[in-house]
Amino acid sequence: MASAGLPEITSPCAEDKELKSHLLNKYSGYLSSLWRELSKKKKKGKLPRDARQKLLHWWQLHYRWPYPSELEKAALAESTGLDAKQINNWFINQRKRHWKPTPLAMEYRSLQPAGAASYGGASAGASTSGGGSAVVRGMEGQHFTGGGAYPRGGP
C-alpha cells in the first residue's frame, strides 16, 4: 500500500543482490586478477623443517658471531633450497630474537677488515690486522684461530 506521491519501496536485500550481481558482471575480470596478485603476496608461513634444522646447525656452530659471509649464505641457500632473501631474513630474525652479543663478539667485530665489518659478516679467509690473532672461517663453519682467542664450536 503506497501513499500518494511516494515511490514503492522494494526490499533492500533484493536491491543489494541486484547491485552485487551488476558489479560482479562488470568487474569480475579485474577482481579475479587482483585476487591472484594478492594471493601471491600472502605470507608463506614457516620454512621447511629440514631447512630450519640446517640453519640452526650453522647458528650453533657460529653462535659467538652469527653473521654468515656471502659465500656461506649462498652455500646455505643451495643446501636448504631457500632463496637468499629467506636466508637473510632468517638470520636477521634469529639474531634479534635469540642472540646476545658478548664482549668477545664485539672484539671480534672490531678486528674484522673494514669491508667485512661493513655488512656485519666475516669474509672467508679474512685475517686481522695488528690484532696478533688471525681468524679464518672455512666453508664448513669451523674457526681456525692463532692465539686461542676464539675456541671452536658453539656456545
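Helices are DSSP runs of H or I with at least four residues, numbered from the N terminus, and in this predicted model helix α1 covers residues 12–40 and contains leucine 31. The secondary structure of the protein chain comes to six helices and two strands, which follow one another from the N terminus in the order α-α-α-α-α-α-β-β. Of the chain's 155 residues, 25% count as buried.

**Nonpolar surface patch**
- Leu19, Leu23, Leu24, Tyr27, Tyr30, Leu31, Leu34 and Leu38 form a nonpolar patch on the surface, and together they present about 740 Å² of accessible area.
- Within this patch, leucine 31 is partly exposed, its relative accessible area being 41%.

**Helix packing**
- The axes of helix α2 (residues 49–61) and helix α4 (residues 84–98) come within 12 Å and cross at roughly 55 degrees, so α2 is oblique to α4.
- The crossing in which α2 passes α4 is right-handed.

**Salt bridges**
- The count of salt bridges comes to two.
- In one of them, the side chains of aspartate 50 and lysine 54 meet at 3.6 Å, N to O; because these residues are four apart in helix α2, about one helical turn separates them.
- Aspartate 50 is partly exposed at 47% relative accessibility, and lysine 54 is also partly exposed, with a relative accessible area of 32%.
- A salt bridge also joins the side chains of glutamate 70 and lysine 73 (3.2 Å, N to O), two residues that lie three apart in helix α3 (residues 70–80), about one turn of the helix.
- Glutamate 70 is partly exposed at 47% relative accessibility, whereas lysine 73, at 17%, counts as buried because the cut-off for that class is under 20%.

Definitions and conventions
Residues numbered from 1 in each chain as written. Predicted model: local features only at pLDDT ≥ 70, side-chain atom pairs only at ≥ 80, totals over all residues. Heavy atoms only, no water. Patch = residues over 30% accessible without salt bridge, like charges linked within 9 Å, V, L, I, M, F, W, Y side chains within 5 Å. Areas by Shrake-Rupley, 256 points an atom, 1.4 Å probe, with all protein chains shown as cover. Salt bridge = Lys/Arg side-chain N within 4 Å of Asp/Glu carboxyl O. Buried < 20%, exposed > 50% of the residue type's maximum accessible area, 1.4 Å probe, protein only. Axes fitted to C-alpha atoms, helices over the stretch in contact; angles between N-to-C directions. Parallel < 35°, antiparallel > 145°, perpendicular 65-115°, else oblique. Left-handed = near helix turned anticlockwise from the far one by under 90°.
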